[in-house]
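Reader: I would like to go through this structure feature by feature. Please start with the strands and how they pair.

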Amino acid sequence: MIDISKSPHRVAITSACDIITVSLFISVFYFLIPVPWWKELCTELLFPTIAAIAGGLAVIWAGEASVKTLLRLRERINRGLKDRKIVIIGNKDERENIETQLKYSNLFAMENITNADSYTDNDYEKYDLVILALTGKDFDPLDKDQSEILQSTLQIVGTPSTTKQLIEQDKPVVGLIILCPVNSLKGENATTFRRPFTAVVNQPGRMITDIFSLLTTLPITKG
């Protein structure tokens, strides 16, 4: 025998058992009693009522877990959009374009967004997300200056290997979005694709989706 006395769904389980029992009896009598009014009563009232009650029990059963999941998701999204800190670095025109999009989306607290004109004067580890805007030509490797900017940024926010170590140690991880020309991350720069919580984009218009995704999926480990 299965003990359901301590189950949070014991009421729904008991009710379901009762409905199954009643349904079996009604079905048996439906086929055994050749009385028109009884068959009409079953098809017009009893069977639809049983189906409706069964559906309601299913909603109640799943409702508690669903509500808790939705509440957790809402809290995570609210935290991701309200409290996360973002820094935008790189090409001036691209930085301003990105900042304009963030402001226009009306999703983010603009006081938490820094448009930085320096690559060295900011402690990027205090931010939750770094957006790096690189320049160049599509299908050509990044030039020396842009490569150095990318590599120095990775050293600060975490290379693929060091970021994985932080995750294993349950320590804070900085998200990274790289806006760069198409197919320009080659050679040592291609290792960027292996970094967790990192997105490489070639179209500024798609960046909002990646920002939203990273900010809401990054573990909440910072105060």
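**Strand pairing and burial**

Reader: Which residue in E5 is the bridge partner of isoleucine 177?

Author: Alanine 199 is the partner of isoleucine 177 in E5. This is a predicted model. The pairing of E4 with strand E5 (residues 198–201) is parallel and covers four bridges.

Reader: How many bridges join strand E3 to E4?

Author: Five, and E3 (residues 129–133) runs parallel to E4. Within that pairing, valine 130 lies opposite leucine 176, and isoleucine 131 lies opposite isoleucine 177.

Reader: Which residue in E3 is the bridge partner of glycine 90?

Author: Alanine 133. The strands concerned are E1 (residues 86–90) and E3, which are parallel and joined by five bridges.

Reader: Are the faces of E4 covered or exposed?

Author: A residue counts as buried under 20% relative accessible area. In E4, Gly175, Ile177 and Leu179 are buried on one side, and Leu176 and Ile178 on the other. Five of the five residues of E4 are buried, so the strand is largely enclosed by the rest of the structure.

Reader: Which residues cover the two faces of E3?

Author: Leu129, Ile131 and Ala133 are buried on one side, Val130 and Leu132 on the other. With five of its five residues buried, E3 is therefore largely enclosed by the rest of the structure.

Reader: Which elements have the lowest and the highest mean pLDDT?

Author: Helix H1 (residues 10–32) has the lowest, 57, and strand E4 (residues 175–179) the highest, 94. Over residues 1–8 the pLDDT is below 50, and this stretch has five contacts in the model beyond near neighbours in sequence. For the protein, the mean pLDDT is 77, with 60% of residues at 70 or more.

Key:
Residues are numbered from 1 along each chain as its sequence is written. This is a predicted model: local features need pLDDT of at least 70, side-chain atom pairs count only at pLDDT 80 or more; totals for chains, interfaces and linings use all residues. Side-chain values use heavy atoms; hydrogens and water are left out. pLDDT is the predictor's confidence in each residue, from 0 to 100. Contact means heavy atoms within 4.5 Å. Buried means under 20% relative accessible area, exposed over 50%, partly exposed in between (1.4 Å probe, protein chains only). Two strands pair if DSSP finds at least two bridges between them.
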